Amino acid sequence: MPGLYPVTFGEIELLRDLDRQDGWVLSKDGVPQSYVDLQDPTFLDFDYVRLIADIIDLLPEGPLSCVHVGGGAFTIPRYVSATRQGSRHIVIEPDGLLVNLVREQLDLRSVPKLKVIVQGGLEGTAKVWDATADLFVLDAFNGATMPVELATVEYLGDIARVLRPDGALLVNMADGKGLAFARRLTATVAATFRHVALLAEPGVMRGRRFGNLILAASRTGLPLDDMIRRAAGGLTQARCVYGEQLTNFVAGAAPIHQGDAVLAPVPPPQVFG
């Protein structure tokens, strides 16, 4: 089972976690993409994934109707299904061979009520019905870079169409020194959603090192007090920025529109050793 596997867009390496019998890392071009424990889907090894899960845990109780753009090892769908029985998932992933690999090698069939759309984020999201999702998770990367076409005002408008009025959006992005892309993507999300918060490890939030930042957004409100407590007191120590602080973070950065000449940041080589 461990080894290199050809997929539609390159090659995937499956690596066993030496500390956990059923833990697996899915890596592409030397970049760890996903981690999953097949026996315990609530064990989340990556810091940013734990941060996403903490926010999901604060959403209203009960099963969720979810849309995920970016499949990887399907870590978040597995987590939500384990913690909120009865949840439904649509996962939009352009690499069909990757989906087959995860289905065959990482027991994807164990995730109930899961539908996969093998298409890019733009095309796949366009197929989802209006106002059907409680949660939309945008975690799409080409290697270590977020596709810019998924960071535009136009695409965020389509996400808003898919979400129910009180639905929540979570976006995983990565940036480094200066945080120019993070500021523009935050401005883009804020142009569509009234309530927005940004969470990241303090060093990343200050632009001192390259890393992941999580945007949470809603049209009706976010559980900010609980988010702040979870971020500060969880395994992943993170800051939660919102309101005036978020306005100061954006610092007048312009939202991204379709066709804008924007380059998503590429991590320095030392980030992944």
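Q: Which residues are buried in helix α9 (residues 243-250)?
A: L246, F249 and V250 are buried there. Buried means under 20% relative accessible area, exposed over 50%, and partly exposed in between, with a 1.4 Å probe and protein chains only. Helices (H or I, at least four residues) and strands (E, at least two) are DSSP runs, numbered from the N terminus. This is a predicted model, in which local features need pLDDT of at least 70 and side-chain atom pairs count only at pLDDT 80 or more, while totals for chains, interfaces and linings use all residues. Residues are numbered from 1 along each chain as its sequence is written, and side-chain values use heavy atoms, with hydrogens and water left out.

Q: What do the buried residues of α9 pack against?
A: Their partners are α6 (180-190), β10 (195-200), α7 (202-205) and β12 (239-242). Contact means heavy atoms within 4.5 Å. The helix α9 lies across β10 and β12, and runs at about 90° to β12. Axes are lines fitted to C-alpha atoms, for helices over the stretch in contact, and angles run from 0 to 180 degrees between N-to-C directions.

Q: How about α6, which strands does it lie across?
A: β9, β10 and β11, and α6 runs at about 170° to β9. Its buried residues, including F181, L185 and V189, pack against α5, β9, β10, β11 and α9.

Q: Switching to the sheet. What is the order of the 8 strands?
A: The open sheet reads β7-β6-β5-β8-β9-β11-β10-β12, with mixed pairing. Its edge strands are β7 (114-117) and β12, each of which pairs on one side only. Two strands pair if DSSP finds at least two bridges between them.

Q: Why is strand β9 (residues 163-175) called largely enclosed?
A: Because 10 of its 13 residues are buried. On one pairing, 5 bridges join it in parallel to strand β8 (residues 133-138), and V171 is the bridge partner of L138. Strand β11 (residues 211-218) pairs with β9 in the antiparallel sense over 8 bridges, with A168 opposite S218 and A174 partnered by N212.

Q: What unit do β8, helix α5 (residues 153-162) and β9 make?
A: A right-handed β-α-β unit. Right-handed means that, with the strands pointing away from the viewer, the path from the first strand over the helix to the second runs clockwise.

Q: Which members of the largest nonpolar core touch the most others?
A: F136, L138, L169 and F193, out of 45 residues. A nonpolar core is a set of buried Ala, Val, Leu, Ile, Met, Phe, Trp, Tyr and Cys residues joined through side-chain atoms within 4.5 Å. Another core, of 31 residues, lies apart from it, with I55, Y79, A197 and A216 among them.

Q: Is F74 buried or exposed?
A: Buried, at 1% relative accessibility. A131 also has a positive phi, about 50°, but A131 is partly exposed at 39%.
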